[in-house]
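Please look over the sequence and the model shown here.

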Amino acid sequence: MKTLTRPDLGDHVLIVMDNCDSCLEQLSTLEQNLPNIASRRFTLLHCVPPTYWEHGGDGDAESQQIWKAEDREFQLTDDYLNRARMALEDCGVPASQIQFALHTCGSTREAVLKQMQRSTYSGVILSDRHHDLADLLSGRSLFGWFVRRRPGVTVWEMSLN
């Protein structure tokens with residue numbers, strides 16, 4: 001898919017985050033590519049899918065390891081979201097115009113669709129690893145063709161280096 005140079009994302013932008021440094025590096029390009037960035041509102045979304053347990057557990061060592069792994073994932077996510085917030089602030093966006101959305105549903109696609117039901121967004125920024133989601137939001141997917149419901153957002157699919 002062609003990456004837009006200066007997309008018209010509007011004033012309320014949803015940024016789909018992954019726990020990777022490439023996503024943080026992409027945020028530094030926003031200042032150059034989005035005019036009037038300081039006047040826009042941003043929501044940083046991250047999905048942490050639940051860890052499925054084979055059994056309920058009774059405090060045994062395996063259960064403790066699963067709890068610790070989940071806790072590490074939430075801590076890592078919190079760190080990346082805070083670093084993303086700082087990157088936006090470095091671009092001139094006031095902290096009051098940056099929100100977090102953390103979802104624990106099964107997939108990033110589900111998290112984005114739920115978040116879009118909670119609030120109205122004019123644009124969505126996501127990485128090219130979410131190409132199917134970009135197609136869905138842009139109305140280019142088979143699902144979108146049958147349902148004919150397009151969320152009406154501009155999608156900027158950024159390439160990860």
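What follows is a short walk through this model.

The model is predicted: local features need pLDDT of at least 70, side-chain atom pairs count only at pLDDT 80 or more, and totals for chains, interfaces and linings use all residues. Residues are numbered from 1 along each chain as its sequence is written, and side-chain values use heavy atoms, with hydrogens and water left out.

The protein chain has an average pLDDT (the predictor's confidence in each residue, from 0 to 100) of 81, and 83% of the residues score at least 70. Confidence is highest in strand 2, at 95, and lowest in helix 6 (residues 142-147), at a mean of 54. Helices (H or I, at least four residues) and strands (E, at least two) are DSSP runs, numbered from the N terminus. Where pLDDT is low, the predicted coordinates should not be read in detail.

An open sheet is formed by five strands in the order 3-2-1-4-5, with parallel pairing; two strands pair if DSSP finds at least two bridges between them. Strand 3 (98-103) and strand 5 (154-158) are the edge strands, each pairing on one side only. On average, neighbouring strands of this sheet are turned by 20° against each other, direction ignored. Axes here are lines fitted to C-alpha atoms, for helices over the stretch in contact, and angles run from 0 to 180 degrees between N-to-C directions.

Three bridges join strand 1 (residues 12-16) and strand 4 (residues 123-127) in the parallel sense. V13 has G123 in strand 4 as its bridge partner. Helix 3 (residues 61-90) lies across strand 1, strand 2 and strand 3, and runs at about 160° to strand 3.

Strand 2 (residues 41-47) contains H46. Is H46 buried or exposed? H46 counts as buried because its relative accessibility is 4%, and buried means under 20% relative accessible area (exposed over 50%, partly exposed in between; 1.4 Å probe, protein chains only). Leaving aside neighbours within four places in sequence, H46 is in contact (heavy atoms within 4.5 Å) with M17, D18, N19, T77, L81, A101, L102 and H103.
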